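Hi,

Here is the structure I promised to pass on. Please open it first; my notes follow below.

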Amino acid sequence: MPLVNAKEMMEKAREGHYAVGAFNINNLEWTKAILQTAEELHAPVMLGVSEGANKYMTGYLVVAEMVKAMIKTLNITVPVALHLDHGTYEGAKKALAAGYSSVMFDGSKYPIDENIEKTKEIVELAKQYNASVEAEVGAIGGEEDGVKGNGELADPNQCKVIADCGIDMLAAGIGNIHGVYPANWKGLNFDVLAAIKAKCGDMPLVLHGGTGIPEDMIKKAISLGVCKINVNTECQLAFAKATRLYIEEGKDHEKKGFDPRKLLAPGAEAIKETVKQKMEMFGCINKA
């Protein structure tokens, strides 16, 4: 199956009262693990790629071609969207030209008028590529791959204005943060989420910072219109832990040296397990 834009995914998730998992990829092993898990669980999936990860994997075109070739070779039949995560204005344009089927233009750092103007431009460009667009209002807290936010609560009125720009999904700050949540985290602000839902109607909403949010909050967020949930840090931690354990076990690595295929295999399996757990929590299994 070729890459798809996320519009139909979001509409089905909204109607079915579940959320599609958007899992960030950082290399071939992560990509393969997530695709195989999605296929096994018959779940739609979005592969998120930050601009930093794009640079690490040598560019947008390389990432797009790798994902498309992997889908074909692995006989992946579930819907897969390749999505630029927290893209800049220029980054979104490059991703679309390279073959990404979905982009997030994160204009939350701009004054609202400039955010609106640039969002509309990206929406018009994306139409030429049959790609979906995610926009953001209210910066997500914490830091992910160099993208920092102060954890703002989005203004529902501004959300409505951005939603009317022709986007396919809206990320709005509701107290969520990137990375690991601190012990004194106050939780998601469901009053703000409900107000955004009331203003934006059927617009699919996106929850960033899916790592560590309790299941009851996840379920409530989905009931209030969240159709896509991003997960990155949890996969990073699982991958790092499994890789570290493999190295610490040692065995005869000193004699034979590290085989990179064996070194990365435990981390890939850990990512598979993390993705399974999240997809079950999001309710998207057997929804492809």
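Start with helix α2, residues 28–41. It has 14 residues and reaches 20 Å from first C-alpha to last, close to the 20 Å expected at 1.5 Å a residue (the expected span is 1.5 Å times one less than the number of residues). Helices are DSSP runs of H or I with at least four residues, strands runs of E with at least two, numbered from the N terminus.

A caution on the source: this is a predicted model, where local features need pLDDT of at least 70, side-chain atom pairs count only at pLDDT 80 or more, and totals for chains, interfaces and linings use all residues. Residues are numbered from 1 along each chain as its sequence is written, and side-chain values use heavy atoms, with hydrogens and water left out.

Which residues of α2 are buried? Trp 30, Thr 31, Ala 33, Ile 34, Leu 35, Thr 37, Ala 38 and Leu 41. Buried means under 20% relative accessible area (1.4 Å probe, protein chains only). These residues pack against β1 (20–24), β2 (45–49) and β3 (80–87), and also against α4 (60–73), α10 (233–249) and α12 (260–282). Contact means heavy atoms within 4.5 Å.

Now the whole protein. There are 12 helices and 10 strands. Of the 288 residues, 55% are buried. Among contacts between residues at least 6 apart in sequence, 72% join residues at least 24 apart. The C-alpha atoms fill a box of roughly 65 × 45 × 35 Å along the principal axes.

Best wishes

Technical notes
Buried means under 20% relative accessible area, exposed over 50%, partly exposed in between (1.4 Å probe, protein chains only).
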